[in-house]
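Me: Some questions on this model follow. Each one is to be answered briefly, with its cut-offs.

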Amino acid sequence: MMQCRDAAVSSLSWALLLGGSAFLLQQSRCSGPYGRYVEAGSRCWPAALGWFVQEVPAFLVPLLLWICGGQESGTGGTLLLWTFMLHYFYRSFVYSPLTRGRPVPLKIVFSAFIFCSLNGFLQGHHLLHCAKFQPDWVTNARISAGFLLFFIGLIINIHSDHILRNLRNPGEIVYRIPRGGMFEFVSGANFFGEILEWCGYALAAWSLPTFAFAFFTICSIGPRAYHHHRDYQQRFKDYPRCRKAVIPFIF
């Protein structure tokens with residue numbers, strides 16, 4: 001039976017916190033070089049293949065840990081891990097084959113593959129072997145609120161991806177104003193949904209690794225939503241003035 005590796009869990013968690021802070025500083029100057037911001041001449045993979053390869057480790061690594069290593073944390077930890085895996089199942093096996101996005105730079109695929117592998121191990125090992133849940137966790141209001149927030153965010157994320165995908169015909173590389181759903185309130189509705197997901201996940205788990213991942217997510221895709229918002233405003237003269245970047249009515 002696998003023991004909790006506290007040192008590894010702590011080190012990876014702090015790496016997420018420090019990496020998120022560095023990412024936030026870097027993206028305050030310019031957005032990540034993929035999608036509409038891809039650098040000319042970059043070596044790229046087709047969008048469907050790139051997204052699948054970079055995201056699937058975050059599903060497969062926890063799955064293998066769950067199959068091979070037991071589950072000392074009990075049902076609570078396992079259920080939380082399956083919510084984590086649910087997001088990456090969607091990203092790998094639903095979003096990836098349907099995407100109509102731009103080709104993904106190879107260096108982005110490689111770096112995201114490494115990140116998803118390490119984070120998949122961190123979240124899986126922590127929730128299966130380190131996290132502690134009280135016997136009455138099922139009736140805990142904080143955990144229930146966290147699960148609710150996660151699934152609201154997941155629904156917003158999936159719906160927003162659907163809206164963005166249908167702005168293009170297959171093979172098109174064009175940009176149009178997204179309308180409907182949370183896009184009526186923010187330019188980065190898909191990012192808003194994903195931030196809600198991981199904040200809910202962290203709220204339910206209430207631990208350093210899950211909060212570190214939520215923090216990293218906010219630092220990495222929050223600024224990207226701002227860059228998208230600014231790009232929409234520059235690209236379209238009739239872009240809705242009432243929309244915010246990523247947080248409805250606020251920012």
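Me: Does F251 count as buried, partly exposed or exposed?
Reply: This is a predicted model, in which local features need pLDDT of at least 70, side-chain atom pairs count only at pLDDT 80 or more, and totals for chains, interfaces and linings use all residues. Buried means under 20% relative accessible area and exposed over 50%, with partly exposed in between (1.4 Å probe, protein chains only). The relative accessibility of F251 is 44%, so F251 counts as partly exposed.

Me: Where does F251 lie?
Reply: Helices are DSSP runs (H or I, at least four residues), numbered from the N terminus. One of them, α8, spans 208-235, and F251 lies in the segment after α8.

Me: What is the area of the nonpolar surface patch made by F185, Y226, I247, F249, I250 and F251?
Reply: Such a patch joins nonpolar side chains (Val, Leu, Ile, Met, Phe, Trp, Tyr) within 5 Å, from residues with over 30% relative accessible area and no salt bridge (Lys or Arg side-chain nitrogen within 4 Å of an Asp or Glu carboxyl oxygen). Areas come from the Shrake-Rupley method with a 1.4 Å probe. F251 belongs to the patch together with F185, Y226, I247, F249 and I250, and its area is about 640 Å².

Me: Is F110 buried or exposed?
Reply: F110 is found in helix α5. Its relative accessibility is 57%, so F110 counts as exposed.

Me: How far apart in space are F110 and S31?
Reply: Residues are numbered from 1 along each chain as its sequence is written, and side-chain values use heavy atoms, without hydrogens and water. In sequence, F110 and S31 are 79 residues apart. In space, the C-alpha to C-alpha distance between F110 and S31 is 18 Å.

Definitions and conventions
Patches are made of residues with over 30% relative accessible area and no salt bridge: like charges are joined within 9 Å, nonpolar side chains (Val, Leu, Ile, Met, Phe, Trp, Tyr) within 5 Å. Helices (H or I, at least four residues) and strands (E, at least two) are DSSP runs, numbered from the N terminus.
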